[in-house]
Amino acid sequence: MYGFIDGVPVLKTLGWWRQLAARLGLRWAGFGLVCGLFSAGAAWAQPTPAVTPVEVVPGVWMVQGVSALGSSANRNFISNAAFVVTPAGVVVVDALGSPVLAQELIAAIGRVTTQPIRQVIVTHYHADHIYGLQAFKALGATITAHRDGRAYLHSDTARLRLQASREELAPWVDENTQLVPADVWVDAPTRFSLGGVDFVLQPAGPAHTPEDLVVVLPQQGVLIAGDLVFRGRVPFVGGADSGRWIEALQRLLSYKVAVIVPGHGPASASAEADLTLTRDYLRHLRQTMGEAARNLEPFEEAYAKADWSRFEHLPLFRAANRINAYNTYLLMEQDAK
């Protein structure tokens, strides 16, 4: 019934798309290409790897999801999570896309350290980052997130997403999977220390989501960026404010860090290059689709003539680029009005 890419709900019936196209005053010929993308989404499903931590710098670890759309085949293991081991406990960043993955992450942390898990920081409330939260909550960990995540938790989008995920991601997401709110909501830069390790929580939205929150470890020179950064692959733009996303990336470029842990893809020791890739992709979308919208050029023609050569080799280009371009076209069309 419902399908989702990176938190955006999509009904899979052609009739619904036609009705929506009519309400928006869009030509069905152009809007129909969106349906083809989502109905073909299963083609990018991959078997899931084990939840295996990799130490990116001393004391800072990450696990990396597959470059694929979420599915029952990969248990929704499509995003990254990180954890920081301190002498006074462990801080986790993001909780993965299903409770069973979170349990495996907890077990993996237990193989690295005997320190208890004290806190989980949520970079944003997209399903592939939060469906594991209940496993950490059961341990007594404190959950921290940006306060704008509350709007998502109480939205129809979140409810319908979970409803659909219980079907499409079964048995890994089921009737026992719940949306878990934060215990601590922040709305400004927040600093704390645990075991002598300093953490800086920096609001970065609205960008990929309204509630984007990045984590900076100044002593280690590490930025845990959530989905502001997709490394080595095409991001899913969805309904994001791509203009502000670009502004957020510009701010991140001013941070003096040696390593970035992105929301998707491997850790980066080339911070500037990887931040720039995501930024330049978003700029290219806005430039090409913005020009088409201002000139009242049909989307199909604009997409066909756009030069995608810099990005078409990247993983998930086929899965994401057309819908990214179409959403950007609609956004720029509204801006032009």
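Colleague: Leaving aside its neighbours within four places in sequence, which residues is Arg-233 in contact with?

Modeller: First, the basis: this is a predicted model, where local features need pLDDT of at least 70, side-chain atom pairs count only at pLDDT 80 or more, and totals for chains, interfaces and linings use all residues. Residues are numbered from 1 along each chain as its sequence is written, and side-chain values use heavy atoms, with hydrogens and water left out. Contact means heavy atoms within 4.5 Å. With neighbours within four places in sequence set aside, Arg-233 touches Ser-67, His-264, Leu-314, Pro-315 and Leu-316.

Colleague: Is Arg-233 buried or exposed?

Modeller: Buried means under 20% relative accessible area, exposed over 50%, partly exposed in between (1.4 Å probe, protein chains only). Arg-233 has 3% relative accessibility, so Arg-233 counts as buried. Arg-233 sits in the loop between β13 and α8 (242-253); helices (H or I, at least four residues) and strands (E, at least two) are DSSP runs, numbered from the N terminus.

Colleague: Which side chain does the side chain of Arg-233 join in a polar contact?

Modeller: A polar contact is a pair of N or O atoms within 3.5 Å; within protein, one must be able to donate a hydrogen and the other to accept it, and residues adjacent in sequence count only if both atoms are side-chain atoms. Here the partner is His-264, at 3.3 Å.

Colleague: Which strands each supply at least two residues of the lining of the largest cavity?

Modeller: The strands are β5 (81-86), β13 (222-230) and β14 (259-264), with β14 giving the largest share, 3 residues.
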